[in-house]
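Reader: I am new to this structure and would like a friendly tour. Could you show it to me, so that I can ask about it step by step?

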Amino acid sequence: MKENVQEILQKANNLQYNFHIAIKVSKLLDDDNASINDLSKLIEADQALTVKLLKHCNSAEYGFSKRVTTVKDAIARIGFKILKTMIFTIVSKSSFNQEIKGYGLEKGDLWRNSISCAVYSRYLAKLIDYNDPDQAFTAGLLRDIGKLILHEYVRKEYDEIERLVNKENITFSEAEEKIIGLNHCQLGALVADKWNFPQILIDTIKYHHNPEKAEQDECEDMDLLRIVHFADYLTVMLGYGIGKDSMLQEIDMDCVESLGPPLCNENMESLISDIVNLNPEIEHLISNLE
Amino acid sequence: MQEIIVKMGDLELTTKPGVILIAPSLGSCVGLAVYDQKSRIAGMVHIVLPDSNVKHNLNTEEKIGKYADIAIPALLGKMLSLGSKRENLIIKIAGGAQMFNLKGDSSIMNIGAKNIEAVENAVKGMNLVVNNADTGGNTGRTLKLNAFNGNFYLKVIGQQEIEF
């Protein structure tokens, strides 16, 4: 039985909303007149975020010899782009680091999966000379935000979804849409829109399993979508926090290969070998944010 | 019991009876667990790719368990050099899954199948056999081996853990 889409969207209103500061910081960074003073005031208004930001800046990952003690100092040292990804990462944790029962994800699985997809997205972006690898990190991090809400419905309808996947030979997302009324990508995009996420992130959330559809809909940044589509696949294939649905999706390699020679067929196994070498970075990031 | 997580590319060998070796979240990767019933030596590798020749210049810091062609001889060879006899070794493998629906024509898509084949060939190349396997399909798995009693366990994502 199809769930009422309006009812599901209503649920989204009850989701703990942690992203308002990240969105404000993101918008401020897009404003050419923004200053370090404006940004630090905004961040310092949230004490918990400030503490986590400073702790993360002082981790071995950044290797600053002198301790970072103020938000202003942190911004000056890490720069605007890293600041944006860091804030999104910090505020995402409380939402993503929980049990997501409908998809068979234990506590920590979706968080690990999201961080992995973020790190792999940034790596692929650098590999193909995409102009904003940090944007790719954030897009990879947030792509599955719809699962935070939809998992309760997937849990109830899981047997029916699985039956439809096998019977009609369709992907898990397609079956979600047929049974529940919308899939985790569509729901994620609606929620992200409601929360005023930048359009580029709404698009990667909406189309990360279906870049071909994004092409038809003339999305602004197809390369970013292709990067996240492929990073999602690599994350699943390498087993980082995968759920019951993860492998019942689709990978469009024609779309991936259109990103250029580094991602062509003959380089794939070598690429996977290099990607696996990023795993210590993922582990560090997760433990730094404990 | 002490749990040792065998991450991607890791190779672990233990003679401590209080240890459980765990290869978690195997997607296209293949976990191989081996137990010597007589001397109670337990080993595990978490293989990512079939063939080390994919890299023209292999990084000297590469993990030894990453490629099937290197990992299997390294693990099984080590056990034999520690005195294990072939007839006492129980070998079980899990993993090698792939994405459900594939568009295009890329070698990346059948890495799971290639990993399974490479692991089976490498085991055969050591004059040994795989005693049990749960491989392929579209699902993630976790493989465990209890070094105390040689019990193997398999957990398919979303299902209960079973002895295997």
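Reader: Which residues does B:Leu154 touch, leaving out those up to four places away in sequence?
Author: Happy to start there. Contact here means heavy atoms within 4.5 Å. Counted that way, and without residues up to four places away in sequence, B:Leu154 touches B:Ala94, B:Asp134, B:Arg141, B:Thr142, B:Gln160, B:Glu161, B:Ile162 and B:Phe164.

Reader: What should I know about the model and its numbering?
Author: This is a predicted model, in which local features need pLDDT of at least 70 and side-chain atom pairs count only at pLDDT 80 or more, while totals for chains, interfaces and linings use all residues. Residues are numbered from 1 along each chain as its sequence is written, chains are lettered from A and ligands numbered from 1 in the order in which they are written, and side-chain values use heavy atoms, with hydrogens and water left out.

Reader: Is B:Leu154 buried or exposed?
Author: B:Leu154 sits in strand β10, residues 152-156 of chain B. Buried means under 20% relative accessible area, exposed over 50%, and partly exposed in between (1.4 Å probe, protein chains only). B:Leu154 has a relative accessible area of 2%, so the residue is buried.

Reader: How many helices and strands does chain B have?
Author: Helices (H or I, at least four residues) and strands (E, at least two) are DSSP runs, numbered from the N terminus. From that end, the elements of chain B run β-β-β-β-β-α-β-β-α-β-β-β-β. The count for chain B is 2 helices and 11 strands.

Reader: And how many helices and strands are in chain A, please?
Author: One of the helices of chain A is α14, where A:Arg226 has its place. In chain A there are 17 helices and 1 strand.

Reader: What is the radius of gyration of chain A?
Author: The radius is taken over C-alpha atoms, and the globule rule is 2.2 Å times the number of residues to the power 0.38. For 290 residues, a compact globule would come out near 19 Å, and chain A agrees with this at 19 Å.

Reader: Why does A:Tyr240 count as buried?
Author: A:Tyr240 lies in the loop between α14 (222-237) and β1 (250-252) of chain A. Beyond its neighbours within four places in sequence, A:Tyr240 has contacts that include A:Arg112, A:Tyr120, A:Ile282 and B:Met8. A:Tyr240 counts as buried because its relative accessibility is 8%.

Reader: How far apart are the C-alpha atoms of A:Tyr240 and A:Trp111?
Author: Along the chain, A:Tyr240 and A:Trp111 are 129 residues apart.

Reader: Which residues touch the most other members of the largest nonpolar core?
Author: A nonpolar core is a set of buried Ala, Val, Leu, Ile, Met, Phe, Trp, Tyr and Cys residues joined through side-chain atoms within 4.5 Å. In soluble globular proteins, nonpolar side chains tend to be buried together. The largest core here has 134 residues, and those touching the most other members are A:Phe19, A:Phe197, A:Phe230 and B:Ile108.

Reader: Which residues of chain A does B:Ile108 touch?
Author: Residues up to four places away in sequence are not counted here. With that in mind, B:Ile108 touches A:Phe230, A:Tyr233, A:Leu234, A:Met253, A:Asn265, A:Met268 and A:Ile272.
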